[in-house]
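Hi,

Here is the structure I promised to pass on. Have a look at it first, and my notes come after.

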Amino acid sequence: GAAALIFDVDGTLAETEELHRQAFNLAFVRLGLDWQWDRSVYKDLLRVTGGKERMRTYHERLVTAPPLSDGDIAELHRIKTAHYAELVETGPCPLRPGVTDLLRAAKARGQRLAIATTTSHGNIDALLSQALGKRWAADFDAIVAGDDVRHKKPAPDVYLEILARLKLEASDCVAIEDSANGLVAASRAGIPVLITRSMFFGDDDFTGAHIVLDDLSELSTAKQKLKNNPMH
Ligand code: XBP
Ligand code: MG
């Protein structure tokens with residue numbers, strides 16, 4: 001069986017992308033920009049991973065726009081991040097079905113747990129403190145965030161860094177992802193991928209994934225149906 005499970009965060013552990021979207025929009029209002037990202041615009045923009053990169057891409061695509069410095073982007077992202085933490089802390093942002101059970105079952109069978117995400121350590125902590133309690137990080141052997149590496153997903157950097165920290169071979173691990181970008185990142189690192197379909201990426205192309213599920217609560221039934229279940 002797999003020695004470690006490596007989890008993506010946004011869309012995989014919780015449906016956070018809707019809160020990210022709202023947080024971006026609140027930041028745009030706060031800084032007097034007339035940008036507002038509706039769900040269909042955001043769905044398209046999600047192909048660009050990373051909040052700063054996403055805003056930069058959107059700005060570059062505008063026909064007319066005042067210049068936007070890297071400092072402006074950083075300021076927007078700082079405000080977006082503060083709004084995101086507040087939304088996670090105040091609103092309900094539960095873990096997706098099956099997540100808590102899988103974390104518990106993995107621990108019980110001696111699998112190690114890790115996180116490979118594009119978002120920041122602060123955002124992971126905001127979400128998981130709320131959902132799993134202040135000491136959540138004690139259960140994870142490695143946590144790598146977007147700004148810890150040179151290239152964000154779909155580059156394999158976060159996954160390669162996790163393998164280095166865990167001192168494990170790619171084939172000894174399973175990555176749990178919700179997006180094509182995440183699938184590509186883990187696959188480039190050689191790690192088998194389990195997909196849990198999420199709100200914004202449900203219709204992505206998941207060719208190459210070992211299993212595609214609607215959510216992780218299906219794992220117990222998938223286990224019976226699929227002999228090739230990489231979880232065991
Ligand atoms: C998540 C992302 C992130 C969030 C915003 O991708 O792309 O950019 O949308 O996070 P994945 P930041 O689930 O593949 O890790 O604004 O903190 O960058
Ligand atoms: Mg994701």
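Below is what turned up, starting with the domains and then the sheet.

A word on conventions: this is a predicted model, so local features need pLDDT of at least 70, side-chain atom pairs count only at pLDDT 80 or more, and totals for chains, interfaces and linings use all residues. Residues are numbered from 1 along each chain as its sequence is written, while chains are lettered from A and ligands numbered from 1 in the order in which they are written.

The chain is assigned domain 1 (4-15 + 95-225) and domain 2 (17-90); such bounds come from an automatic or database domain assignment. Their C-alpha centres are 24 Å apart. Domain 1 puts 16 residues into the contact and domain 2 puts in 13, where contact means C-beta atoms, placed from the backbone, within 7 Å. On the domain 1 side, helix H6 (residues 121-132) gives the largest share, 5 residues. Helices (H or I, at least four residues) and strands (E, at least two) are DSSP runs, numbered from the N terminus.

Now the sheet. It is open and parallel, with 6 strands in the order E3-E2-E1-E4-E5-E6; strands pair if DSSP finds at least two bridges between them. E3 (142-144) and E6 (211-213) are the edge strands with a single partner each, so one side of each has no neighbour in the sheet.

Inside the sheet, E4 (residues 173-177) and E5 (residues 193-196) run parallel and are joined by 3 bridges. Glu177 sits opposite Ile195 in E5.

Cheers

Notes. Contact = placed C-beta atoms within 7 Å.
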